[in-house]
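Work through the exercises below with the sequence and coordinates at hand. Each task is followed by a stepwise solution.

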Amino acid sequence: MKPIRLWLLLSAFLALAACGNSNDAGQSSSVLNRGLVTEPETLDVHKARSLQAAAVQRDIGEGLVGYSASGELAAAAAERWEVSDDGLIYTFHLRRDARWSNGDSVTAGHFVFAVQRLVDPATAAFYAQFLSDVAEIEAVDDHTLRVELKRVTPYLLKLLTHPATFPVHPGSLAEHGDSFARPGRLLSNGAYVLAEWIPGSVLILTRNEHYWNNENTAIDEVRHHIITQETTELARYRTGEIDITDSVPPDSFPQVKKELGDQLHVSPQLNIYYYGYNLTQPPFRDSPELRQALSMAIDREQLVEKVMGRGETAAYSWVPPGVDNYTPTVFSYASLTQEERNKIAQSLYREAGYSEEQPLQLELRYNTNDTHRRVAVAVQSMWREVLGAEVTLINEEFQVLLANMRARQVTQVFRASWIGDYNDAHTFLSILQSDNEANTPGYSNAEYDALMRQAAEQTDLDRRRLYLEEAERVMLADHPAIPIYFYVSKHLVSPQVEGWRDNVLDYHYSQHLSLKAAE
Amino acid sequence: MLRYTLLRLLGAIPTLLLVIVLAFLMVHAAPGGPFDDERALPAEVAEKIEEAYHLDEPLPQQFMRYLSGLVRGDLGPSYGYRDRTVDEVIGFGFPVSLQLGALAMLLALVVGVGCGTVAALRQDSLLDRAVMAFAMTGISIPVFVVAPVLVLLLAVKLQWLPAGWSGETGAARYFLPVITLALPQIAYIARLTRASMIDVLSSDFIRTARAQGLGTKAIIRHHALKPAMLPVLSYMGPAIAAILTGSVVVEEVFGIPGLGQFFVRAALNRDYTLVLGIVIFYAALIILLNLIVDILYGVIDPRVRQR
Amino acid sequence: MKKSGAILLAILLLAIVGPWLSPNDYLTTNFDGILKPPGLSGAHLFGTDDLGRDLFVRTMLGIRVTLLVAVVASLVSLVIGVTYGAVAGYVGGRVDAVMMRFVDTLYALPFIFLVILLMVAFERNFLLIFVAIGAINWLDMARIVRGQTISLREREFVDAARLVGVSTAGIIFRHIAPNLLGIVVVYVTLTIPQAILVESFLSFLGLGIQEPQTSLGALVDAGVNQMEGASWTLLIPATLLALILLCFNFLGDALRDFFDARRAP
């Protein structure tokens, strides 16, 4: 082995790697590079469940209804629809020019087929219950779809924007079976087609020439780069490799705000960050005083301003502000100062039977993540300073935390969050109903359940709203969980990108964006 | 030689079995399932999924099922990538990791042996001290510090190189990861080479060669290099292990779709089959590489062969 | 060698005494004093972290924890490795062959992957980190101790002990093990930096020690994320980590040379 030869070998290898694919430069087509913090598990609309999968699916597929760039409902695969007077029957008229990426027409039957697959237990769809308000869905003809509801569902159109309700091409499924969603096979009815998917690296989408609105789609190619480390994503944004980031790392936020402030987009989101109590075990079972004391002792303003500092808002309600047709109920103590709250918290703490000599000993669990770590340490110190509680922090892998949360054996206080599936208070309040599978604290209150049921039966939107608001009030008084803050979406958007609009759902379809011509 | 190779290969089977059992048990003892999420699955759906992936069977039965698949080279479906099999994911990740690891190893060997030889020739000179100080520093700074610092300097500030992997297709994307990965190995190899080179250079046969009037270059090339490489060669085993470990960090920081990154993601997401598949694959790989190193050792040093 | 030893001793002393001299503790947060740069004015010699906690005390705590993890992990590997190697070497024959075959087998395990699995699979605790790291490092120790034991086995004092009727275990632990001290000390010095690196690697993956406790690895990992706006959060713990690793490496090398020279004829 002679060093000289080794050198030659090395440089040859690098040269090979270099000339292998340098054909990128000369292309005139416009390419948008977006960051994605988690890799989609699949693009099968019925088997996917992550937000990131949904983000990509919104680029390659299209439901009956969609959103405009600024987040308003807009016609999509259906060009118009009618609603019966009692609000129970929706008739959708599909676009005659809606096409799959292989040129086939998108028909009403494809939507019916998809819904059948969604609810079939054999599919094991994550969102199988998503359309449980729908009684019947029927293709009147190729371009007319009739949806009959069990009860008035004011958020039906919003549900129909979700990828779980997108159509599926029956022929493609028949041909490929369950692996129809792989790159090269997946047919799309949206603006883009999945051209390539390199696991752990990038999903490359190219223009769908058959898309009905193809001529208004500006960008030719969209690359969703999977970048799990937020700091790496930021570095790649700064080198110009990424045009839109999925997030901004908490540690770099002040720096980013200072240097890239004009490219930073922070916007409220329909998403609550909370600490849940395990209500099935002591010390929190049967001790609303203690639950209230801990909740009041958290200085949420300090937390969002100093510890987070990214524009999050302190949460004093369960439903985030900004939800359509709803005014969140807030804790009765929201108007007090933190000092006043602390005093009440201290007396509640004593009432619950704890004192300096007999402090509360508590385990707080959170999943491994820098933001969660910061919040947990801050809350731990607040509970120590205000109440004298001795809190042990336990960080676990997300899956371990979830398993513990479900088992309700070892957990006491745990971090969790809820992201609204659609813009309605129902998506937040329903998870605390006794029989809901996402009811992590194990909350059960007959009055609350009854109010939620009554709300579901209302045909009048204003009356429905009153029931929902009352339900929230009843629930907040029980303190089944501690709302801590409402999330904000955080993106860096390159000045090259045009058409970006912040919105509460944080949906940003690539087809609404365009790139400034390079000079 | 052939007999030796075959025996070693046979001896690897119990090793592999041990790895498989160990990893299988650990993965299945872990709390949390692959399909848990903040939104719980409806019971009916959860049942269907468990059925589809045979998670409802008793553990021994699952193990036998896994083993029989393994024999056929089928590592099963990935739980995390629901449209792909573990074989496919490894097929994607391994070439990337291999390329990265091989380049890093090559760089480490060339630079490490070069630096070590130069340092040995000028023992105790300023150059020697500088090389050794660099080598010591190289092994004293964790890879996860070196990588982001290099990214900040060379990519973000100076804009010379890309910070990530997926955007580029050319050679530029190799530089930072390969250098980061090679750095500690360069340091180790330089130290090893220097020490053994000093040993060899002071031996009798080199003195004889020198007395015959051979130049330094010729002496190094024809006489000293081969014996001096023996300790370096026996370090290859640990070096491969170190590069595997390092590649987890490097792939994580640069977002490189290699096996290390897949492993960490899979472990955190309870992708049982992918975790198992990668552990077993790597165990087999390490066994194979160690075997190759042993055989190479025999080629360079005939004494080993005769034993 | 003396220099390295002295520096290590000084760092250790500082880590033990330092927190007592500081008016701060490691867990008190101060939301009005987040990421303050180092200086004498605010009584924060090393500045504060992203929650306003004093970094001097936290760094000292980190050194303690890191050294503790490393030393205990090395002790675990020492106990397993010495026992295993000495038994194999002393008993010899077929037992030795089988035992060493097993060590070869374990060399093939992708250990770091198993450690990650272990950390992910079970509730994390301090003890587990020690054991996991120790379990990685005992193989080298076993091999070296075995070699030494084989050469010791034939020495007169071992024969004498055998003649007097000392049991095998007695000979291994009372007569052989003490004579292995030199080589063992060298290898412990060399495994400590490895253990430190593994600990910091686990911290990087978020699998390290629980907050509000900390280790040098955890501090460095946090610092890496903040290096641009608050360079001190990286520079101080990283320098200390590198310094400790350097000193152990130098010390180990020097000790090895020392024992090699003594053993040489």
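**Exercise 1. Determine what share of chain C is buried, and describe the build of this chain.**

Step 1. The model is a predicted one. Chain C has 265 residues, of which 51% count as buried.

Step 2. Assign the secondary structure: chain C holds 10 helices and zero strands. Read from the N terminus, its elements therefore run α-α-α-α-α-α-α-α-α-α under the DSSP-run criterion.

Step 3. Take the extent along the principal axes. The C-alpha atoms of chain C fill a box of roughly 75 × 40 × 30 Å.

Step 4. Sort the contacts by sequence separation. Among contacts in chain C with a separation of 6 or more, 68% come from residues 24 or more positions apart.

**Exercise 2. Find how many residues of helix 9 of chain C are buried.**

Step 1. Apply the cut-off: a residue is buried if 20 or more other C-beta atoms lie within 10 Å of its own.

Step 2. Count along the helix. In helix 9 of chain C, 11 of its 11 residues are buried, and the helix is mostly covered.

Step 3. List examples. The buried residues of helix 9 of chain C include Leu216(C), Val220(C), Asp221(C), Asn225(C) and Gln226(C).

**Exercise 3. Characterise the side of chain C that touches chain B.**

Step 1. Count the residues on each side: 27 come from chain C and 33 from chain B.

Step 2. Helix 4 of chain C gives the most, with seven residues.

Step 3. Classify the side of chain C that touches chain B: 22 residues are nonpolar, three polar and two charged.

**Exercise 4. Work out how helix 8 and helix 9 of chain B are arranged.**

Step 1. Helix 8 (residues 204-211) and helix 9 (residues 216-254) of chain B come within 11 Å, and their axes cross at roughly 150 degrees.

Step 2. Angles over 145 degrees count as roughly antiparallel. Helix 8 of chain B is therefore roughly antiparallel to helix 9 of chain B.

Step 3. Assign the handedness: helix 8 of chain B passes helix 9 of chain B in a right-handed crossing.

Step 4. Identify the residues. Helix 8 of chain B supplies Phe205(B), Ile206(B), Ala209(B) and Arg210(B) to the contact, while helix 9 of chain B supplies Ile219(B), His223(B) and Ala224(B). By class, this contact has five nonpolar, one polar and one charged residues.

**Exercise 5. Is Asn503(A) buried or exposed?**

Step 1. Locate Asn503(A): it lies in the loop between strand 17 (497-498) and strand 18 (514-515) of chain A.

Step 2. Asn503(A) counts as buried because it has 20 C-beta neighbours inside 10 Å.

Step 3. Leaving aside neighbours within four places in sequence, Asn503(A) is in contact with Ser70(A), Gly71(A) and Ser267(A).

Step 4. For a distance check, the C-alpha atoms of Asn503(A) and Met475(A), 28 residues apart along the chain, are separated by 28 Å.

How values were computed:
Residues numbered from 1 in each chain as written. Chains lettered and ligands numbered in written order. Predicted model: local features only at pLDDT ≥ 70, side-chain atom pairs only at ≥ 80, totals over all residues. Axes fitted to C-alpha atoms, helices over the stretch in contact; angles between N-to-C directions. Helix = DSSP H or I, 4+ residues; strand = E, 2+ residues; numbered from the N terminus. Parallel < 35°, antiparallel > 145°, perpendicular 65-115°, else oblique. Left-handed = near helix turned anticlockwise from the far one by under 90°. Contact = placed C-beta atoms within 7 Å. Nonpolar A, V, L, I, M, F, W, Y, C, P; charged D, E, K, R; others polar. Buried ≥ 20, exposed ≤ 12 C-beta atoms within 10 Å, placed from the backbone.
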